[in-house]
Number of protein chains: 2
Amino acid sequence: MGQALDLARDSVCCAPNPSVGCIIVKDTYCIGRGSTESYGGNHAEVVAIKDALSKGYVLAGSTIYVTLEPCCHYGKTPPCLKSILDIQPLRVVIAVLDPNPIVSGKSVNQLRLSGIIVDVGVCRDEALWLNIGFFSRMLISRSWVRTKIASSLDGKSSLYNKQSKWITCNNSRKDGHYWRARSGAILTGIGTVIHDNPSLTVRYFPTSKQPIKAIVDDNFVIDPNSNIFDGSRVVIFTAISNKEKENIISDKNGEVVLIDSLNRPDNLMDLNIVMSWFHQNNINEIHVEAGPGLNGRLLITHAIDEFLIYVAPILIGDANSIVKLPIIDNLKESFSFSILESLIIDKDIRLRLYTDSSWDKIKASFI
Amino acid sequence: MGQALDLARDSVCCAPNPSVGCIIVKDTYCIGRGSTESYGGNHAEVVAIKDALSKGYVLAGSTIYVTLEPCCHYGKTPPCLKSILDIQPLRVVIAVLDPNPIVSGKSVNQLRLSGIIVDVGVCRDEALWLNIGFFSRMLISRSWVRTKIASSLDGKSSLYNKQSKWITCNNSRKDGHYWRARSGAILTGIGTVIHDNPSLTVRYFPTSKQPIKAIVDDNFVIDPNSNIFDGSRVVIFTAISNKEKENIISDKNGEVVLIDSLNRPDNLMDLNIVMSWFHQNNINEIHVEAGPGLNGRLLITHAIDEFLIYVAPILIGDANSIVKLPIIDNLKESFSFSILESLIIDKDIRLRLYTDSSWDKIKASFI
């Protein structure tokens, strides 16, 4: 199952489908491997079966390890269940059931009715994390929000004079592009667009498609000549209507989403409404790369599910903090997380942390 | 050698002697184990030999794994070299040579002259880190300064109202006592003594002796009734003489070290002079637990060799930073480190980082 999970991890361009990995074993040998192809292509099980057949193996009596319950319905491709039944395996090992409550467990039942041994739940948590956005969208109707931050040891993102566009090392920044690639949308704030003028594309990781680029721009001050308008799809969330500007942006593949913010504090949009747009548009994971202001607003809105923090081993002193939050009087008012992972990447440390609320709800679906 | 290093790690009360571990293997079985006893007691090799003999083993032809070159001189105990030659081993594997240039390699030569196979340098870096303060004191005439910090994800140590004495979890704080126990002195600033009134003793780790407690108190404002005066040895570094107060403190086992700070910025002491006191007093490792002010001064003085940071997975926002440093204009002026280790301890992450300068000098002694 570890090998199947690794295969799935390398296949990130199939969104909104989940990344799935599959390994077929016979007589202790791995005879077939597969992972989900790009959206509309073959599923992992079919790829693995074809791989084994192409090498001349007889698949009857084999064991199939797959990171998600095989599908049993006709979608863009025929059901994987049929392909599996055709080869007559001895046993199928599944990491986690299909999250759709209507079909969840159906394939398992049909496999068992056909006399195949089925084990479910092997490496379940790893399989959930591998497609956390997919499970979040399907089970708790929420796009998973992962906020990427580059930080010094003392929690600073940049100097006051903004000198320090990059504080982390090259390999950390490249790793960040893996997380961009697996997300359906990259979200930033207008401050970052103005100060850094980023393109927000996936560059250092192979991908067949670019995520949507999304900007929180309450006052609709974005410059239509910003680098972000490079022909790929851009969505701007704003509280201010300006038809003329909307038309200019529309010509550059930009879409403006108006969100009423009257009677809101400081006339700022409710970011929960912004987030629900992503869910309605079938986005599994939102990758946030923003400044301290938007990071703070998202935190206070409880919109963030996961933090991906690259910590550079430097002490900067007085400078811009990674997140802007109000002064608190009691530690109970701080925002707390659980640690998923701590990993050394070259010169830096990569931390992954999550809020218990979303993860607990997702896990509860399987108990 | 891994087992020998583990044995050494558990034996931290032998300072100023190094912690050493020894394993004796014969016919693929481990027949003896030992680690350095408290100061004046047996060395690891002798403990391991006695352990094997007590179980009735014949030691001739065995292989000895030891984390430091055996001694060849009479100190508090007879030379370990003699005990080893007496049992006629086949082979001796040594992690690192004795750092004293006068005796370094002498035992290795004598073992080889006696026909014993000797390998040197197995797990050398691990062995150096295990006794980094001992090697630092012997090789670069510097007590090793390890600064312990408890931090939020955004680099804060406490709220502005100081509410938040503990931001890390119980197990992190217990782990901190291991590092107190292996140090020869615990250093703090007068601000911490006034605000927290700590006792600075080793409590959650078994130890036969308490480190010296040391305080940086430039203006000699310490209250002689502070908890820190509990009868164990206390050293106060100050720039202001006050004979009457010195006498009161002397009665409480406190020692005042006067350091001239005339013509110094803000009349603050030169912390390099403070640090040299520890070296002169045979302290291997100094464990600093101080506030942002002293941490910042030590950094600017380049007095810190290692950071031990317990990161609690919380975001606090605007609050007291872990280290007070002046505003910089260029990232090149920041203080940078290398990562030694990143470890999850219960709810927190423990980071160990070091400055290249001291470590490079220590390593260079073995090339």
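A:Glu306 and A:Arg146 form a salt bridge, with 3.0 Å between their closest N and O atoms; the term stands for a side-chain nitrogen of Lys or Arg within 4 Å of a carboxyl oxygen of Asp or Glu. This pair links distant parts of the chain, 160 residues apart: A:Glu306 belongs to strand β13 (residues 306–312) of chain A and A:Arg146 to strand β6 (residues 144–152) of chain A. Strands (E, at least two residues) and helices (H or I, at least four) are DSSP runs, numbered from the N terminus. Side chains of opposite charge can pair when their charged atoms come close. Over all chains, the rule gives 38 salt bridges.

The model is predicted, with local features requiring pLDDT of at least 70 and side-chain atom pairs pLDDT 80 or more, while totals for chains, interfaces and linings use all residues. Residues are numbered from 1 along each chain as its sequence is written, chains are lettered from A and ligands numbered from 1 in the order in which they are written, and side-chain values use heavy atoms, without hydrogens and water.

**Interface of chains A and B**

Chain B and chain A bury about 3400 Å² between them, and carbon and sulfur atoms give 70% of this area. Buried area is the accessible area (1.4 Å probe) that two parts lose on being put together, summed over both. On the chain B side, the residues that lose the most area to chain A are B:Leu315, B:Leu331 and B:Ile339, together 20% of what that side buries. Further values for this interface are tabulated below.

| Item | Value |
|---|---|
| Residues in contact (heavy atoms within 4.5 Å) | 43 residues from chain B, 43 residues from chain A |
| Salt bridges across the interface | 0 salt bridges |
| Polar contacts, both residues at pLDDT 80 or more | 7 residue pairs |

A polar contact is a pair of N or O atoms within 3.5 Å; within protein, one must be able to donate a hydrogen and the other to accept it, and residues adjacent in sequence count only if both atoms are side-chain atoms. The elements of chain B that give two or more residues to the side touching chain A are β13 (306–312), β14 (314–315), β16 (335–336), β17 (338–345) and β18 (348–354).

Strand β14 (residues 314–315) of chain A runs antiparallel to β16(B), joined by 2 bridges; strands pair if DSSP finds at least two bridges between them. A:Ile314 has B:Ser336 in β16(B) as its bridge partner.

**Annotated sites in chain A**

An unreviewed UniProt entry lists A:His43, A:Cys71 and A:Cys80 under "binding site". They span 38 residues in sequence, yet no two of their C-alpha atoms are more than 9.1 Å apart, so they gather at one spot. A:His43 sits in the loop between β2 (29–35) and α2 (44–54) of chain A.

The UniProt annotation "binding site" (unreviewed entry) also covers A:Ala150, A:Trp166, A:Thr192 and A:Asp196. These span 47 residues, but no two of their C-alpha atoms are more than 14.5 Å apart, so they gather at one spot. A:Ala150 is in strand β6 of chain A. UniProt annotations may be inferred rather than shown by experiment.
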